[in-house]
Amino acid sequence: MTDQSDALATLLRDNLGVRLGEGFEAKVRHAGRRLPRWARKKSAVIVDAMALEAHPKLAQQVNHKKTNKALKELRYFLERQDVATRRKNRLLDLVAAIAFVIFVTIALVLAVMVWRGLV
């Protein structure tokens, strides 16, 4: 289980850019909204299973089928993330926000000029 969670922590670091935190649990906490809700739930299943596996008697309570499914689905999601596309989308979002602010500012200046009779 720890090998698989370490692999997922590496995928979180490489594909989602989660640099903070040591180990899978810390990286999931720092990933926050970068992970969809279903992925955060799957991560919680994995973290709970890791906590139970740390104790010999509690390790019997781990639902391996559910945990393996969560590992598989989370790994599939993280492997499909494209770093270049994510960077491009963030840059486009920034440019769009700046363009919108400039447009609104120019519109307000023109509105004030018309209101005061300067144009």
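**Exercise 1.** Determine which residues L12 touches, leaving out those up to four places away in sequence.

*Solution.* The structure is a predicted model. Step 1: Set aside the residues up to four places from L12 in sequence. Step 2: List the remaining contacts of L12, which are G17, V18, F24, K27, V28, L35 and L78.

**Exercise 2.** Identify the residues of the largest nonpolar core that touch the most other members, and the elements that contribute to this core.

*Solution.* Step 1: The largest nonpolar core has 18 residues. Step 2: Within it, L8, L12, F24, L35, I46, L74 and L78 touch the most other members. Step 3: Two or more core residues come from each of α1 (2-16), α2 (23-31), α3 (37-53) and α4 (64-79). Step 4: For background, nonpolar side chains in soluble globular proteins tend to be buried together.

**Exercise 3.** Describe how α1 packs against α4, and decide whether the two are roughly parallel or roughly antiparallel.

*Solution.* Step 1: The angle between α1 and α4 is about 25°, and their axes lie 10 Å apart. Step 2: Angles under 35 degrees count as roughly parallel. Step 3: Therefore α1 is roughly parallel to α4. Step 4: The crossing of α1 past α4 is left-handed. Step 5: On the α1 side, the residues that meet α4 are Q4, L8, L11, L12, N15 and L16. Their partners in α4 are N68, L71, L74, R75, L78 and E79.

**Exercise 4.** Describe how α1 packs against α2.

*Solution.* Step 1: The helices α1 and α2 pack at an angle of about 35°, and their axes are 8 Å apart. Step 2: Here α1 passes α2 in a left-handed crossing. Step 3: From α1, the residues S5, L8, A9, L12 and R13 take part, and they meet G23, F24, K27 and V28 in α2.

**Exercise 5.** Find how many salt bridges the whole structure contains, and describe each pair.

*Solution.* Step 1: A search of the whole structure gives 2 salt bridges. Step 3: The relative accessible area is 39% for D14, which is partly exposed. For R13 the value is 34%, and R13 is also partly exposed. Step 4: Another salt bridge joins the side chains of K42 and E73, at 3.0 Å from N to O. Step 5: This pair links distant parts of the chain, with K42 in helix α3 and E73 in helix α4, 31 residues apart. Step 6: K42 is partly exposed, with a relative accessible area of 22%. E73 has 26% relative accessibility and counts as partly exposed.

Conventions:
Residues numbered from 1 in each chain as written. Predicted model: local features only at pLDDT ≥ 70, side-chain atom pairs only at ≥ 80, totals over all residues. Heavy atoms only, no water. Core = buried A, V, L, I, M, F, W, Y, C linked by side-chain atoms within 4.5 Å. Buried < 20%, exposed > 50% of the residue type's maximum accessible area, 1.4 Å probe, protein only. Helix = DSSP H or I, 4+ residues; strand = E, 2+ residues; numbered from the N terminus. Contact = heavy atoms within 4.5 Å. Salt bridge = Lys/Arg side-chain N within 4 Å of Asp/Glu carboxyl O. Axes fitted to C-alpha atoms, helices over the stretch in contact; angles between N-to-C directions. Parallel < 35°, antiparallel > 145°, perpendicular 65-115°, else oblique. Left-handed = near helix turned anticlockwise from the far one by under 90°.
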